[in-house]
Amino acid sequence: MADRSFLDWPFFAESHRRLAADLEGWCQAELGEPDEADVDAACRALVPQLGQAGWLRYCVPAAYGGVHEQLDVRALALIRETLARHHGLADYAFAMQGLGSGTISLFGSEAQKQAYLPAVARGEAIAAFALTDPGSGSDVANMETRAAAVDGGYVLHGGKTYISNGGIADFYVLFARTGEAPGAKGLSAFIVDADTRGLEIAERIQVIAPHPLATLRFDGMRLPAPALVGERGRGFQQAMATLDVFRTTVGAAALGLARRALDEATRRVLERKLGTGTLADNPITQSKLAEMVLDIETSALLVYRAAWLRDVGGRRNSREAALAKLHATDSAQSVIDKAVQMFGGLGVTHGVAVERLYREVRALRIYEGASEVQKVVIARAHLAEYRG
Ligand SMILES: Cc1cc2nc3c(=O)[nH]c(=O)nc-3n(C[C@H](O)[C@H](O)[C@H](O)COP(=O)(O)OP(=O)(O)OC[C@H]3O[C@@H](n4cnc5c(N)ncnc54)[C@H](O)[C@@H]3O)c2cc1C
């Protein structure tokens, strides 16, 4: 049984503890093991299922069918941790509804919010976040995808790659260079409906832990003026502000995967015979278990500290979100690797939970800012304190 004592920490309100308990019951009753055979179909089913159960309401503000007035990062993190512990694909489907609509929640016009957010919360519209250019993944400021202003709107040329929900999304929040200034100050965000003429799903991408993923291409795709989100030239800042909310929750998802691995490994070593006892009696196993517990506890502290700071402090938390994502994803990898080792041959066998967790955790150290990018954010914030 995964440890739940962290719910007593002062980061949480009573509503968070209720949410965690309710979702735990729902996951046990409704979610089986993830079906990796047809992830498009699985995600198309999971989004309305999560919507009907009310969990997607946490992805949008209260005025548009949500629960909290502003996105509540502690609730998002608790939901991601719990879903990831039970069912990686359910976590993915949930996360993308939040990330894909997050820029609209934070910066959209009233009309845009009304048009998209209630459908996201009900699970009736699938959302996607299209930031990554093929030529400049981590280097967002230098993206080449262009949006030229024309009479009544914009014309876009370029492409996006590794776009989660690419191919099944109903709309994409897409970032392109509008050229107000070089680099980061010349980007803008647009809402692109999936049926927009000129939007091509150029390639579906298969990855280590399958989920819907695609490369998008557009050559002369026309968008109406109201597709622009917020002000022109503010796209980089909008993308980073959206990631500040969701980076912490990537850490939470990693934490959920790690807790599941520790749970699976603990059960296994308690049962597996070794000599006259079990693997659990062995001091080397116990040392590994202690390291896993330590990694999980420190990750949880960083994740929920970052979430609390954002919710209660009400300010940007880039440094703390980066610390949480970096540590939780790196250490989840290490926890899950130890769990696989404790399972021996069974640990690398298809159909065994730790084998799936081993694949699921890997991409979390790459997307929404690779671990090295988080280190840049942390070091810059640290040095700024000294430089003044
Ligand atoms: C499964 C998956 C889902 C994704 N979903 C989405 C999505 O929904 N929307 C979206 O827009 N993008 C998405 N991405 C893209 C993801 O955000 C990028 O892969 C990521 O930003 C890294 O970009 P890149 O792959 O081009 O790697 P590169 O930018 O080429 O970087 C390669 C490596 O270089 C190192 N590196 C990069 N920058 C630095 C630095 N400043 N200092 C030191 N080392 C550095 C890191 O180790 C990095 O992994 C997804 C990716 C994956 C794998």
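## Shell around the ligand

β3 gives the most to the shell around the ligand, with 3 residues. Strands here are DSSP runs (E, at least two residues), helices are runs of H or I with at least four, and both are numbered from the N terminus. The model is predicted: local features need pLDDT of at least 70, side-chain atom pairs count only at pLDDT 80 or more, and totals for chains, interfaces and linings use all residues. Residues are numbered from 1 along each chain as its sequence is written, and side-chain values use heavy atoms, with hydrogens and water left out.

The ligand has 19 residues around it, and F129, L131, T132, S138 and Y162 come nearest. A residue is near if one of its heavy atoms lies within 4 Å. By class, the shell has 12 nonpolar, 5 polar and 2 charged residues. Ala, Val, Leu, Ile, Met, Phe, Trp, Tyr, Cys and Pro count as nonpolar; Asp, Glu, Lys and Arg count as charged; the others, Gly among them, count as polar.

## Polar contacts and cover

Polar contacts are pairs of N or O atoms within 3.5 Å. A ligand nitrogen is 2.7 Å from a polar backbone atom of F129. A ligand nitrogen is also 2.9 Å from a polar backbone atom of Y162. At L131, a polar backbone atom is 2.8 Å from a ligand oxygen.

On its own, the ligand has 970 Å² of accessible area, and the protein covers 66% of it. Areas come from the Shrake-Rupley method with a 1.4 Å probe. β1 (127–130), β3 (153–164) and α10 (371–387) are the elements that give two or more residues to the shell.

## Helices α3 and α4

The axes of α3 (residues 73–86) and α4 (residues 88–107) come within 6 Å and cross at roughly 150°. That makes α3 roughly antiparallel to α4, a label for angles over 145 degrees.

Notes. Axes fitted to C-alpha atoms, helices over the stretch in contact; angles between N-to-C directions. Parallel < 35°, antiparallel > 145°, perpendicular 65-115°, else oblique. Polar contact = N/O pair within 3.5 Å; in protein donor to acceptor, adjacent residues only side chain to side chain.
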